[in-house]
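Subject: Structure for you to look at

Hello,

Here is the structure I promised to pass on. Please open it and keep it beside you while you read.

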Amino acid sequence: MQRYKVDVTLNPDTAHARLEVSEDGKSVTDTGVIRQVPSKEERFDSHTFLLAKEGYTSGRQYWEVDVGKRRNWILGVASESVARKGTMTVSPENGFWVIGLADGEEYWAHTDPWACLTVSGRPEKIGIFLNISANELSFYNAKKKTALYTFTNIGGSRLERKFVPFFSTGSSGSVLDTEPLKIVQEFDDDD
């Protein structure tokens, strides 16, 4: 899968006001406070979400995210056309194909209804493999190279869909994680 590695950069214009994107666009931190940011149509306003700058309509893409010791995170892809304003349910029906860790205890696939995942150990790096031609999105423990979950039929019947890497620091009601989510630049097979 690593041969399908793509360079993913976070889009600060989509980031909720609590989220601070690094200058290089490779990490995001939840500041815990609503910051003064320009009002943008593409910005998420009620959930600590953000998207990447890149979007994909075909082919295979792979990227990794370093979640470190965070207790909360949600990762995956979203349809480019997802709602950005108001409260929403994160599910495939609403254009989100994601998994996450809640309160450092339970891993969930945000299906409808959510599915609890059995994960051994605590992955610090999550590999995400988007295979648009197969209509699949798979998640891996990048270090152990073990599968965590696969969404099938992600494209549904809509052919003109663009998938954008999705990131969240988790529920804003949870204990604040100060550690950033980081896009992995160099894959390390031996760490």
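Below is what was found in it, from the whole chain down to single residues.

First, some ground rules. This is a predicted model, in which local features need pLDDT of at least 70, side-chain atom pairs count only at pLDDT 80 or more, and totals for chains, interfaces and linings use all residues. Residues are numbered from 1 along each chain as its sequence is written, and side-chain values use heavy atoms, with hydrogens and water left out.

**The whole chain**

The protein chain has 13 strands and zero helices. Strands (E, at least two residues) and helices (H or I, at least four) are DSSP runs, numbered from the N terminus. The C-alpha trace spans about 40 × 40 × 35 Å along its principal axes.

Of the 191 residues, 51% count as buried. Buried means under 20% relative accessible area, exposed over 50%, and partly exposed in between (1.4 Å probe, protein chains only).

Which bond joins Asp112 and Pro113? A cis peptide bond does, with omega about 0°. Pro113 sits in the loop between strand E7 (106-109) and strand E8 (115-117).

Asn135 has a positive phi, near 60°, and is not a glycine. Its place is the loop between strands E9 (125-131) and E10 (136-141). Asn135 counts as partly exposed because its relative accessibility is 26%.

Asn153 also has a positive phi, near 55°. This residue lies in the loop between strands E11 (146-152) and E12 (163-168). With a relative accessible area of 54%, Asn153 is exposed.

A cavity is a set of points on a 1 Å grid over the protein atoms alone where a 1.4 Å probe fits but cannot get out; lining residues have an atom within 4 Å of a point. Points are joined across faces, edges and corners, and volume is the space filled by probe spheres set on them.

The second largest cavity has a volume of about 40 Å³. Its lining includes Arg18, Asp30, Arg70 and Asp177. The lining residues divide into four charged, four polar and two nonpolar. Asp, Glu, Lys and Arg count as charged; Ala, Val, Leu, Ile, Met, Phe, Trp, Tyr, Cys and Pro as nonpolar; the others, Gly among them, as polar.

Best wishes

Note on methods: 1 Å grid on protein atoms, 1.4 Å probe; cavity = no way out; pocket = protein on both sides within 12 Å on 5 of 7 lines; lining within 4 Å.
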